[in-house]
Structures are given as C-alpha cells and as structure tokens.
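Open the structure in your viewer and keep the selection tool at hand. The tour goes from one selection to the next.

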Amino acid sequence: MNSSAVAVLRDRIRRIEGVGQAAGHPVLPLGMTPIDRALPEGGLPLAGVHEVRGDGAATGFCAALLARLQDMDGRPVLWLERGNDLYMPGLTRFGLKPGAVLTVSGISRDTDMLWAIEEALNCGALSAVVGEIRAADFTASRRLQLAAEMGGVTCLLLGETARGGAATALSRWQVTSMPSLPDGAGVGWPCWRVELVRCRGGRPAAWTVVWSPKGWTAITEAGEVEILPDDIRIAG
Amino acid sequence: MKKGHKKRIMNVWFPWLVSERLVRREPELAKQVLAAIEERRGRLVLAAVNRRALHGGLKTGMVLADARAVQPTLQTRFVNAAADRAALVRLANWATRYTPWAGLAEGDSLFLDISGCAHLFGGEEALAADLTARLKGFGLTPLTAIADTPGAAWAACRARQREATILQPFDSLTDAMTALKEFPLPTLRLSGDTLDSLTSFGLRTIGALYPLERRALAERFAAEPVRRLDQALGVVDEPISPIAPVPAHEARVACLEPLITREGIETGLRTLLDQLCRSLTQSGEGARQLTLACHRVDGTTARIRVGTSRPSRWVEPLFRLFAEKLDEVDPGFGIEVVAVSATRVEALKPAQENWQVKGGGGAGLAELVDRLGNRFGFGRIARPAPRQSWLPERAVEDAAPFAEASGEWPAGRERPLRLLTVPEPVEAMALVPDDPPMQFTRHGKSYRVKAADGPERLEGEWWLKDESPRDYYQIEDDEGRRYWLYRQGLYGGGEKPRWFLHGVFA
C-alpha cells in the first residue's frame, strides 16, 4: 500500500471516529516532538473538546496550551472558574498573554457551568474556552463537542479527577506534578507527568514534561529525550 | 400651541379613600356608620367619614361627641395618615400600567399624564372607563377627569364628581377661562386659609377671580390664588412628579386579549424592543439597563430587569437577554399591558457600533458577556489587569470586560497559578528563624518540604501598613506539588509568627 492510500484510509477512519473535518483540520502542535507524534496530524485538534484532569499542574498545562494557541489565533480566551482563585501573574509564567483573557468566577454549579460553556462555544468570537467542571455526562459532553465544532472554538474541560463518561471528548489528559528536577539549591523547574489517556486518531502514551524558562520539553517513558536545553541534568 | 403637542392630564380622585381603606382591612365595617377620627386642639373630631355617615348627617370636622349624639351607632378608627399615603402610593404605582407619568396629587388623588398614550387603550373615554372599572374591582370609588392641565383636571373632577369628565382640549386662553368659569372656588386647589379669606369676600367661583386685578389679588392673598389660576388655565406649566423615575425611552402595548403564554409575551416584547431601539437610535443613545413590566389582570405587576456591558440598541441581542429570564414571569390570569423601558441609557455614537475588543472579538463577544452577566452578575466577569501593589491579592485588578488595557505585568517574580482569596492558616515548623519550614500541616495532613525558595518579603503600601510584613516561600513537597506559604510576624518578637497558605503553583 502506498502512502497516499494510507492517508486516504486514515482520513476515512477519522471521519468514522467523528473527529469531524478530515485531513487539513487545524491542529495545535505542542512543540514537543514526542507528544506531537502521538497526536493526530501532529497536534491537538482545534475546534473540539479536550479534557485535562489533574492537580495544579493541569492548570499550568492548560495555560501553556492556551499560550501556544494565542500565537495562532488572536481572538480572546474565556476562562470559566468554579471558584475565584485563578491568578493571572502566575499564568503569565506559562506564556499566557493576559490582555485577551476574560474570566468569569464563581460558577460553582455544574449545570450553570455547562450552560456557560455552551453559550461561549456558540458565540464564535473566542479562540478557546476553559471550563472548570467536575463531570459532564454523555449528552452534555456531546452537545459541547457539537458546539465547539460549529463555533470553531477549542474547549478545555479542566477538573481534578477524571470521572465517568464524557467519552465524546477528542482527547483526555491526566497531568500531575512530579518532583522537580534539581536545579542547584531550592525549587527546580516544574516537572509534570503528562499522560494522554485517550485520543481519537492518536495513541495513548505518557511523558515527563519539564517547564524551563525556554519553554517545555518532553521525555518519553523510555527515556527518549527530544532536545534538551544544555543546562538540564537528568537524574538517574 | 399645536394641538398634537398638547398635554392631557387625568386626575383620579378617591373621595372615600380613608373609609374604603379601613373597610378593606376590616370588611365587617362595610355596613356600618364609620368615621376616622383625630385629635385637634384637645378634642376628638371626625377627619373622614364614609357614605353612610354622610347620609346620616355627619361631616368631616365635626366633634366626636356631637357626632355620637346624631349617630349613636358610629364606629370610629383613628386616622393613620402614613397608611393612607402608602395606599395612595400603591395606587400610583399601579397606575403606571397606563403611563410612566403617574404621581400623587393633593386631596387623596393622583395625576396621570396620559398625553400620547390614551390611544393605546382606545381613547380617553375608554381609558377612563377601563381605569374606573378596575379600581372599583379593588373596592374603591374613583372619580376622574381629563383636561389639558393638572389644575383644570383637578377642578373638573371635584366640580362634576363623575366617574369620567372630559374637558375638550382648550383652543385658547379664553376657551380655558370659559371652561372653568362656573367651577366652585374650592376646586382651585387652594389651602384652607386662602380659601376662607377669598370666600369671606364673597367670591364663589373660579370665574369670579377673572375680573380682579392680578397685582391686587397677589398683594392681598399672596401668590397662591394667582399661581393656581395660571396653572389651571395653562398660563404656566405645572410638572407632575412621577412616583417612579420616568425612563427616557419607553414602549408599551395594551393587549385586547390578556396574554397567558410565553409566546404571546415574546411577540409583544419583540415589537416593543423594536420601537424602543428606534427611539434610542433617534436620540443617539444605547441602553445599559432595561426593564420589562407585565401588568396583570389582577392589578399586580411582574418586572424583570436586564443589564448590558455597553450601551446597546439592537433588538435581537436585547431580546435574547430577556428570553433567558422570561420563565420568571408568571402570567397569572393574564397580562394586559406590557411595557419595556430603558432605565439606564448612555450615549452611543454610530462609530461605537463597530467597536472591537483588543485581540479580536466583536459584537458576538459583547452579547456573550451580556448573557453571562445577566445570569451570574456582571461583577463576576473580568479582564484581569495589573495593579501597582506589592501585596499579591492587590496586584490584580478586575477590569471591566471592555475597558482599555493598561499597565504592564511585572516580570521575573514567581507567582502561583491559584491564589486563595483568604489565606489559609497552617501549622508549620522551621528549624531556624528566617528559614523555610521543614514541614507543614493542612487539614490534618502533614506535608514534608523537599525544597524551598525564599523568603521574599512583601508588605503593603505605606498607607496600608496596618499589618506586619509577610515572608513568602515557594515550597515543594515530596510529591512535587508546590505551595506558596508565608510567615507573618518575626521570631523573637512579641507575638509568635503565624504561617499561611496563600496559593499553589503548577
């Protein structure tokens, strides 16, 4: 089978899986070769719903994704908060440009949150919507996926634990803190375990991601290192 | 004066308001001879009577003892002026179903400015008939009159004492003088003293004042009679003080068939918004707040209010804001009058209609902000902006969603991703003063500190220096989670230093 036949088949599989648009669907490359290789078309598919679960590291991961998206798409980002603790000076560390970020705080009920996310996705004037939600059932999550596709808006569902359904999301990520890499004295650079739990058109895998002032770097489980800044020493 | 621009004022008088209010509270009084009494110069006198008492020979101002002699079965209640006034205020609010210009008038009555809205109710006669029928349904006996001026309406109401008196629009001053000539002098709304002295001169009707020289009249009786006469004849304007602020822009519709479905209300609302937005366009304004008032058959009113993040005069977005809340409107037995008003407006230049938010967006985003704002409150929507302060909780300002971006975010400082709104007290142990803690306890769980950065000393601006400086540490536990802890107070000082968790890092 030649490569074009493979491409056609891939395309057909994606359509069957319901990723929506076929080849040429816009994606957001993460800029980390090992992770991008595991994603369909070499990046995170835009105009769809992605779940990001985990502790504080998941918030950082979202901020870094949005920062990369802001470089591609100048439209504002909306962050829907459950509480009122999102702190912009900390988000800027991951490259997020706060000038075009709108926040709505204190949406504590999931029903309100789902309503707000769907309204935001339908509006079409945003590049991405982050919704801090505990759980979305199958129907709700399907609605969000449709709204994201129609509106051309990327949706990140951010929560603490991956619970139940929401199997309609394009991908699910589990991001947890890991002990930082020693960097002389004191606290080192943030280090996360990033697991792609599920991804339509991609393949599940896990990496260690290090955030340094130069950006992020992924290390595969097998120890495969992409390009590491010279000044990082790897323990073990 | 052009006919079309003339004002038309209705006076609604409740001659039996006091006794009818008492009967509403105590229905068993309905069949009694009743008077409201008050103390005047050490004696109890009748302040108001009901119809039975009047027919039985009682009058206001009579001494109670005399009244009892005439009518031994007389029931009395003390006057409650505050409650009477409150009842009148409620009636004025109710009357806003006809016009926003509804206000209190002298002598238990109301003024309604019905200029330009009588046609909504089928003309002046139909409006008066509708109004009196409804008020009678509440157990009241209203008398009304419509004329070009409040003074003329007030006079006509008392002179004719009918459910509806309509004085045709005055063509000229002479015409007005002729219309009021025969009305008794007390109908000129004069104070008791002025009226007494005028009567003592043998003046009985309003017309009797016409031949008198104005200056002589003013010198002899002060300005009052001249002013009242001028007001009644329309020589000087008399504004009505509306009971509620009158919106600059309002549209209303009276429904022939009471509305009982949401679809019906929606149809009416859309038409009204269309009118309202055209009126806003003409004046170069946009609405920041709108109120929908649904006046029900039973006299009650349901109101819903929506706000916008910037002046707006577009029917569809405004309609959608109301649509979110329409379920709150219970039509009850039906809604007869629907009114939409712009209760807060701002200038909106045509150029602003095509505004852009920094970084893209546009009208779609503004509509979204409005919808979120009406559901969660506009105060919860923010575009975080930097503020010059060392205190972390003061370093971010919640700018309005569409405010101009300003200021620079300080670089090079390690700040958490999540900042607790209220720092959480934790137990922490440090080996050496000024050292980061070795471990800390939160919610009964203890965390071992693996690595730490700090201290970074932060204190409030000098005018806020009401607390001691804080020493912040970035701390990593053995699972790699990072916290922002601070110590307040110094070791060796008078008080033991306390530790707080203020945020978490990624």
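How many bridges join strand β10 of chain B to strand β12 of chain B? Select residues 285-296 (β10) and 335-347 (β12) of chain B: 11 bridges join them, and the two strands run antiparallel. Here strands are DSSP runs of E, at least two residues long, and helices are runs of H or I, at least four, numbered from the N terminus. Two strands pair if DSSP finds at least two bridges between them. Within this pair, B:L290 stands opposite B:A342.

This is a predicted model, in which local features need pLDDT of at least 70 and side-chain atom pairs pLDDT 80 or more, while totals for chains, interfaces and linings use all residues. Residues are numbered from 1 along each chain as its sequence is written, with chains lettered from A and ligands numbered from 1 in the order written.

Next, show the whole sheet: four strands of chain B in the order β9-β12-β10-β11, open and antiparallel. β9 (249-259) and β11 (301-312) of chain B each have a single partner strand, so one side of each lacks a neighbour in the sheet.

Contact means C-beta atoms, placed from the backbone, within 7 Å.

Now turn to the two chains together. The contact takes 45 residues from chain B and 42 residues from chain A. On chain B's side, α13(B) gives the largest share, seven residues.

A:T103 has B:A382 as its bridge partner.

Conventions. Contact = placed C-beta atoms within 7 Å.
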